[in-house]
Amino acid sequence: MGSYKTKHMAVQQEIKSQLAKLLATEDLVVEHKQVSTAQFNVHTRVLTLPLWEKASNVVYDMLVGHEVGHSLFTPDVDWSLDLKVPQQFVNVVEDARIEKLMKRKYLGLAKTFYKGYKQLHAEDFFELNDEDITTFNLADRANLYFKVGSFLSLAFSSTEKSIVDMIGRCETFADTKKAAFVLYQYCLEEQKKEKESAKPEKGEGEVDLPEVYEDEGLEYDDLTIGEKEDEEPQVRTEESLKDKIQDLVDGDGVENVYIELPQLNLDTVIAKNEDIHQYIDDYFSHEQKENPVNFFRSVDADFIKFKRDAQREVSYLVKEFECRKAADAYARAATSKTGVLDTAHLHSYKFNEDLFKKVTIIPDGKNHGLVFVLDWSGSMQSVLQDTLKQLYNLLWFCKKVSIPFDVYAFTQEWRRTDIDYKSGALIPADTTPHYKKKEGVFKVDEEFTLMNLLTSKVSAQQLEQHMINIWRSVIPFTAGVAYRYPPRLVLSGTPLNESLIALHQILPKFQTDHKLQKVQCIIMTDGEANQLPYHKTVQRRWESLPYLGCRNINPDRCFLRDRKVGKTYKFGYYWHQFTDVFLRNLKDNFPDVNLIGIRILPPRDAKSFMKLYYPWGNSTLERDWSKLRSFIIRDSGYDVYFGMSSATLSQESEFDVEQDATKAQIKKAFVKSLKTKKLNKKVLGEFISLVV
């Protein structure tokens, strides 16, 4: 058996998982575990395959095809209750039946089974070397006939041939039971004759067939036999094959770990929009009572000026959106005949078939909605205000064209202990669990929260005030002002991956609530997130009971498993690859959602970020970055991933110079204005193309 280890490379098990699903024509859950034999749970539809790491590809494919055959065609019944036949005999007949049906269903599998069994025969998996096959009982020779009969010379008497033909004709499991009973009875009678050393009365090798075989119309209830004999006939080739296949399992191999996403409680995960702004209002009211100075005069004036200046960009977005929407609608316009005669064309009936009036129907565009996820981590401190400006541009655009939206910011600080600034009472930290912890699911930080900062559900006046609230809250992160930010809105870590888990429930709810056909999910961040550990039951030798602990993923053996879409996803070694797996899984669950990433980059980090996706470089991206300080990645987990310079976020496109400016100063300001407009239009135009 060691030859397999030296001759063949270890197979890629997850590729074989996909093979199993394709063969089963359903999204089976396929697991590779440290087990000796394959198992299929018909209730959970989980196919567990051993780690056949010593098997060649063709043998592995054959074994997978065989096990899928059982999953498709072997019913979940306890046949031993009414059929007192040893398991081996049922296995011989059922193996022949399900392999026949698999080869019939998938014609290409015939070659796989042929090559696979040829290899097993060459490696003596049936232990036939130095054996006289003519001395084997009929069950053994029938087993060899249906598995490796192409490579052996097998002889059967007329009675035996009738039984072998009966096995070959089995189409249903009821047929299997009937044939297994006949096969067992025949072998039992043969064994008795050998023990009695009596010659058969009807010629060599001939015995009376059980009555059941002669009566083809007999019901299965009539097949039941009594107690088993003291010495049962054995099917040695069935046992040999099973033992040898078990030898293909690498006993030292590490089994795969399949991890699933937890079902989160959105009531605890999401901080409600009204609660957030009530808290901000109470906090700022408290601050002003303590120090009756108008902290916000200059800050609010900056907001008003920004909003006024931003209307040009918003108008550009609206114009681009309407143009693309109209073009898309006309491209999908349908012209049809009305069935009403067009009298103006009656005279041309001899040469014109279009005698009926036509109507052109322009279909309505799809209903769209936007979900924003904003990075509220400490590393965003220097760029958060400028990021907010880009976000506000998009929100004003959404309001103009009546697109519903929700803005969430991920944080680990909202659930902290704080003061109720209206009553002065202490608000205890919220320790309500987000999900039910159990083995095999990812761990979600209990401090994780998605703050619903802004939403289109409120009135225009409320939205304006909420935008001012958030504007006021982020100014202290970068500017020297006379007030502090609300404590529960302090910047935190980067629970991006936890946010992607929450989106599995947020996105369909948002789509249903607003009756949308298409949803755009925009994630704005400036860095990578930590990989998540998973829950694992641990038994420590000094403790009597196990406890539910956590373990970090092993990229070589850990897979995300999604039973809903029937897929597994292998994790990579880098943090961004972990996030990409979650993004691909989101896309598979919600194909009508565009996942758009906006990565805010310090200029010095642009090339190193590109190399995460293009290790050998990408001249197009480098050229775009050099000219526009932005680029677009299309090979990540996002549908589109924008890289944008943090330095350009704050650049204004306004052409503004001093009254006494020199020609050189005027030229410089003009070039800067054009360059920034070009940057904005390229990125925003790409964004609009996704929204339409």
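Colleague: Is F284 buried or exposed?

Modeller: Buried, because its relative accessibility is 5%, where buried means under 20% relative accessible area with a 1.4 Å probe and protein chains only. Bear in mind that this is a predicted model, where local features need pLDDT of at least 70, side-chain atom pairs count only at pLDDT 80 or more, and totals for chains, interfaces and linings use all residues. Residues are numbered from 1 along each chain as its sequence is written, and side-chain values use heavy atoms, with hydrogens and water left out.

Colleague: Which kind of pair do Y258 and F559 form?

Modeller: A stacked one, with 5.8 Å centre to centre and 20° between the planes. Y258 is in strand β4 (residues 257-259) and F559 in strand β16 (residues 558-562), so to speak distant parts of the chain, 301 residues apart. Y258 counts as buried at 6% relative accessibility, and F559 is buried at 4% relative accessible area.

Colleague: And what do F284 and F296 form?

Modeller: An edge-to-face pair, 4.9 Å centre to centre with 75° between the planes. F284 lies in helix α12 (residues 273-290) and F296 in the loop between α12 and α13 (297-331), so the pair ties together parts 12 residues apart in sequence. Helices (H or I, at least four residues) and strands (E, at least two) are DSSP runs, numbered from the N terminus. F296 is buried too, with a relative accessible area of 3%.

Colleague: What sits over the ring of F296?

Modeller: The charged end of R472, 4.0 Å from the ring centre. That label needs NZ of Lys or CZ of Arg within 6 Å of the ring centre and within 35 degrees of the ring normal.

Colleague: Switching topic: where is D375?

Modeller: In strand β8 (residues 368-375). D375 is buried but has no salt bridge, meaning a side-chain nitrogen of Lys or Arg within 4 Å of a carboxyl oxygen of Asp or Glu.

Colleague: Which side chain of opposite charge is nearest to D375?

Modeller: R599, 7.5 Å away. For charges, Lys and Arg count as positive and Asp and Glu as negative; His and the chain ends are not counted.

Conventions
Buried < 20%, exposed > 50% of the residue type's maximum accessible area, 1.4 Å probe, protein only. Phe/Tyr/Trp six-rings, centres within 6.5 Å; stacked < 30°, edge-to-face > 60°.
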